[in-house]
Amino acid sequence: SPMQAQMLRNLTRIGLAPYIANIIVNRTAPVSNQKELWREPLVTLTHTIPIAEDELQSEGVVAALVGPTGVGKTTTIAKMAARYAMEYGSDDIALVCADAYRIGAKEHLMAFANIIGTTVHAASSPDELTALLERLRSKKLVLVDTEGVSQRDIDLSDRLAAFGNATDRVRFYLTLSATCQESGLDETVRRYSRVPLSGAIVTKVDEAGQLGCIIGTLIRHNLPMSFVSDGQRIPDDLHLAHKKRLWLVNQAVECMEASDPQVNERIMAENYTEVSTANA
């Protein structure tokens, strides 16, 4: 219908892939006026984004941040630690550097730890991590900064899976940058799929030109979002995902309005004919 076609155009303009836009439109109740053409699909999109619970509130949790280089894992760990310390104090927090490759990785983490008032430990192998986590068992929260290597590293999943098998207390959070293109995000999620992920942390929302790619990736892989970050301030710019789901969709619309992307009707027709045929 013309109304559905316009909804698809709108969702395409915020950067959603045809497959995801089609899902959203099919889940949206029929609209009767122009005002609802934007509102109703965005409400559906908001509720479709998977959200994870805040497991860091549980005592004795080990949260390991994984993800490719440059997505902001170390800064996010500093935000998480500062956020926890402000509420519960810093005595029961420990930071672990499991990055044996990046020069200065431990020193970078120590700079944040000194501000927060906690300690940094290092582990360069699954066996070392196992022993270290056992020594830190009395801590209420242990945050692990893993190596930031390329998602194309063929040994990466095996090493991280070994970390995960070291203890049942470890929760893995895949850190994804909102500035990445959809193909890169999909490749990252597939590469880390061998790790038992508890959720995703979306970073650099404030630097992204459009947010449809990251939103679509979360939906496509049914990867629940745990935290979202939109700046460098510690810990102010880290937010619980369940409080920011609608905000993230509104930000996607603001990005679209700022860039004013144009829709190619021929490509739209080709894309959605293919989607309809594939889903038939």
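This is a predicted model: local features need pLDDT of at least 70, side-chain atom pairs count only at pLDDT 80 or more; totals for chains, interfaces and linings use all residues.

Analyst: By the ring-pairing rule, the count of aromatic pairs comes to one.

User: Why is the pair of Y84 and Y88 called tilted?

Analyst: The ring centres of Y84 and Y88 lie 4.6 Å apart, and their planes meet at 40°. Rings pair if their centres lie within 6.5 Å, so the distance qualifies. Planes under 30 degrees apart would be stacked and over 60 edge-to-face, so 40° makes the pair tilted.

User: Where do Y84 and Y88 lie?

Analyst: Both are in helix 4 (residues 73-88). They are four residues apart, about one turn of the helix.

User: What makes Y84 buried?

Analyst: Its relative accessible area is 7%. Buried means under 20%, so Y84 is buried.

User: And why does Y88 count as partly exposed?

Analyst: Y88 has 42% relative accessibility.

User: Is D237 buried or exposed, and how do you know?

Analyst: The relative accessible area of D237 is 6%. The cut-off for buried is under 20%, so D237 is buried. D237 sits in the loop between strand 7 (225-229) and strand 8 (238-240). Leaving aside neighbours within four places in sequence, D237 is in contact with K79, V228, S229, D230, G231 and Q232.

User: What makes the pairing of D237 with R233 a polar contact?

Analyst: The two side chains come to 2.8 Å. A polar contact needs N or O atoms within 3.5 Å, one able to donate a hydrogen and the other to accept it, so this pair qualifies.

User: How do you know that the span of helix 3 is close to the expected one?

Analyst: Helix 3 (residues 34-48) has 15 residues. From first C-alpha to last it reaches 22 Å, against the 21 Å expected at 1.5 Å a residue. At its start, a side-chain oxygen of N33 reaches to within 3.1 Å of the backbone nitrogen of K35.

User: Which elements do the buried residues of helix 3 pack against?

Analyst: Those are helix 1 (2-13), helix 2 (18-27), helix 9 (212-220) and helix 10. Among the buried residues of helix 3 are L37, L42 and L45.

User: Which residues touch the most other members of the largest nonpolar core?

Analyst: L45, L211 and I215 do, in a core of 56 residues. Helix 10 (residues 241-259) gives the largest share of this core, seven residues. Another core, of 24 residues, lies apart from it and includes L56 and F227.

User: What are the totals for the protein?

Analyst: There are 11 helices and eight strands. Of 280 residues, 51% count as buried.

Methods:
Residues are numbered from 1 along each chain as its sequence is written. Side-chain values use heavy atoms; hydrogens and water are left out. Helices (H or I, at least four residues) and strands (E, at least two) are DSSP runs, numbered from the N terminus. Buried means under 20% relative accessible area, exposed over 50%, partly exposed in between (1.4 Å probe, protein chains only). A nonpolar core is a set of buried Ala, Val, Leu, Ile, Met, Phe, Trp, Tyr and Cys residues joined through side-chain atoms within 4.5 Å. The expected span of a helix is 1.5 Å times one less than its number of residues. Contact means heavy atoms within 4.5 Å. Rings of Phe, Tyr and Trp (its six-membered ring) pair if their centres lie within 6.5 Å; planes under 30 degrees apart count as stacked, over 60 as edge-to-face and the rest as tilted.
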